[in-house]
Amino acid sequence: MNLAADIRKLVDATLLVDTHEHLLEEATRLLPDAPARQWQAARDFSVLLSHYADDDLVVAGMPPEGLQTLQNPQVAPRDKWRAMAPYYARARHTGYLQSVRMTLRALYGVDDLNEENCEAVSDKIAAMIRPGYYRHILKDVARLHHCQVNSLEAQIFQETQYPDLLCQDISIVPLATNPRPTQVRAITGMQIQSLENWHRAIDWCFEKYGPRAIAVKDQWAYHRGLDYAEVTAAQASPLFDRFLQDQKALNAGECKAMQDHLFHYCVRRATDFRLPVKLHTGYYAGRGKMPLHRLRHNAGDLSELLRMHPKTPFVIMHITYPYQDEAIALAKHFANAYVDLCWAWIINPTAAVRFVKEFLMAAPANKLLTFGGDYMPVEMVPGHAAIARQGLAQALAELVAEGWLAEAAVPELMERLMFRNALELFDYERCARG
Ligand SMILES: [Zn+2]
């Protein structure tokens with residue numbers, strides 16, 4: 001009997017719920033001009049580097065021209081390979097690049113990229129892009145129960161071709177944290193001349209999309225702290241009127257107060273529709289811009305929010321990396337705090353293993369969601385899922401070997417972590433009916 005191998009076999013045999021992706025609709029990927037529209041729809045090997053891995057290549061020293069070469073659909077695969085090869089060698093051990101190789105293995109039967117195979121791999125990528133290929137990649141290869149998608153194609157809610165496979169979040173960014181009157185008027189067809197009207201527009205969105213959504217999502221932590229103060233409608237109304245007149249009229253403090261009011265309004269509506277609220281916390285995508293001093297306060301700010309809305313389940317995304325200890329403290333202390341490892345497995349795989357072990361020793365096991373690929377290209381999901389499976393198996397095997405977890409408890413715990421927690425927290429059945 002080999003403990004680690006047995007646990008790994010169990011993990012591989014278990015379906016995984018994917019609680020966070022930014023997947024483009026399959027129909028978008030099938031458009032003839034998709035590669036010209038955006039890099040994340042490329043049909044050569046560079047699509048595998050188009051979300052996250054490119055950041056590590058640039059941080060490893062790849063110049064802007066190298067990135068432009070990779071992004072250009074007119075450039076041949078071999079020329080793309082030559083532009084990135086030195087930086088690929090430098091960055092190859094990171095989680096982002098390991099995810100690329102895991103996907104190469106899972107989808108195309110290749111161990112690594114090189115100058116000799118980059119054309120053949122590109123041909124295989126292009127050949128796979130056919131109607132129905134999302135289901136093949138996500139169900140047959142990655143062995144997912146379903147995905148939850150925060151679409152970057154739609155403003156608020158993406159009407160999907162596959163509601164049972166790609167459950168959609170409602171984005172409250174255009175409604176609350178970065179209000180977009182023009183778009184919201186266009187979507188709702190409503191006149192908006194006051195805060196009162198804006199509340200009705202938010203209500204309209206929840207009534208229309210709420211019964212078909214899986215959750216609510218906001219990522220404005222990329223632009224502000226999570227210190228959402230309670231601001232009344234009477235206080236927010238004159239600010240909102242000025243904002244409607246001129247979207248640059250408010251100073252930073254006034255703008256924050258308006259966002260604070262609208263955010264709490266949306267949280268209450270989400271709760272009416274039994275939708276958990278997913279919040280970006282911690283590390284930033286991209287490069288060269290992360291204000292780490294502000295991120296340090298994410299968990300502290302959240303503790304206020306958790307206290308103010310005790311009936312609202314909040315999903316603390318990305319484990320607040322690199323402040324993941326604080327996420328454990330929140331999950332342990334607040335019944336409505338859930339922590340999601342989405343994206344974390346590839347930001348830092350070994351930190352994520354450590355995190356799972358420490359989380360399980362401190363907080364109830366139902367508070368942890370263990371996988372979200374966080375990708376736009378569907379091809380990258382199997383790679384990330386393979387890393388998550390490897391990490392989960394390692395974390396539980398180490399806990400057993402170290403005497404903190406009974407081996408007999410592993411099957412039930414694994415099932416809970418991989419899919420039961422998500423199915424208890426989110427109303428998948430309601431969402432899948434479409
Ligand atoms: Zn994301």
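Which domains does the domain assignment of the protein give? The assignment, which is automatic or taken from a database, gives domain 1 (44-128) and domain 2 (133-432). The structure is a predicted model, in which local features need pLDDT of at least 70 and side-chain atom pairs count only at pLDDT 80 or more, while totals for chains, interfaces and linings use all residues. Residues are numbered from 1 along each chain as its sequence is written.

Taken over C-alpha atoms, the centres of domain 1 and domain 2 are separated by 29 Å. Contact (C-beta atoms, placed from the backbone, within 7 Å) links 19 residues of domain 1 with 21 residues of domain 2. On the side of domain 1 that touches domain 2, two or more residues each come from helix 4 (53-59), helix 7 (95-108) and helix 8 (118-128); helices are DSSP runs of H or I with at least four residues, numbered from the N terminus. Helix 7 gives the most to this side, with nine residues.

The largest nonpolar core comprises 137 residues, and those with the most contacts inside it are Cys266 and Ile316. Such a core is a set of buried Ala, Val, Leu, Ile, Met, Phe, Trp, Tyr and Cys residues joined through C-beta atoms within 7 Å, where buried denotes 20 or more other C-beta atoms within 10 Å of a residue's own, all placed from the backbone. Helix 20 (residues 381-401) gives the most to this core, with 11 residues. Because domain 1 and domain 2 both give residues to this core, it lies between them. Leaving aside neighbours within four places in sequence, Ile316 has contacts that include Leu279, Leu302, Ala327 and Asp340.

Technical notes
Two residues are in contact if their C-beta atoms, placed from the backbone, lie within 7 Å. A residue is buried if 20 or more other C-beta atoms lie within 10 Å of its own, exposed if 12 or fewer, and partly exposed in between; C-beta atoms are placed from the backbone.
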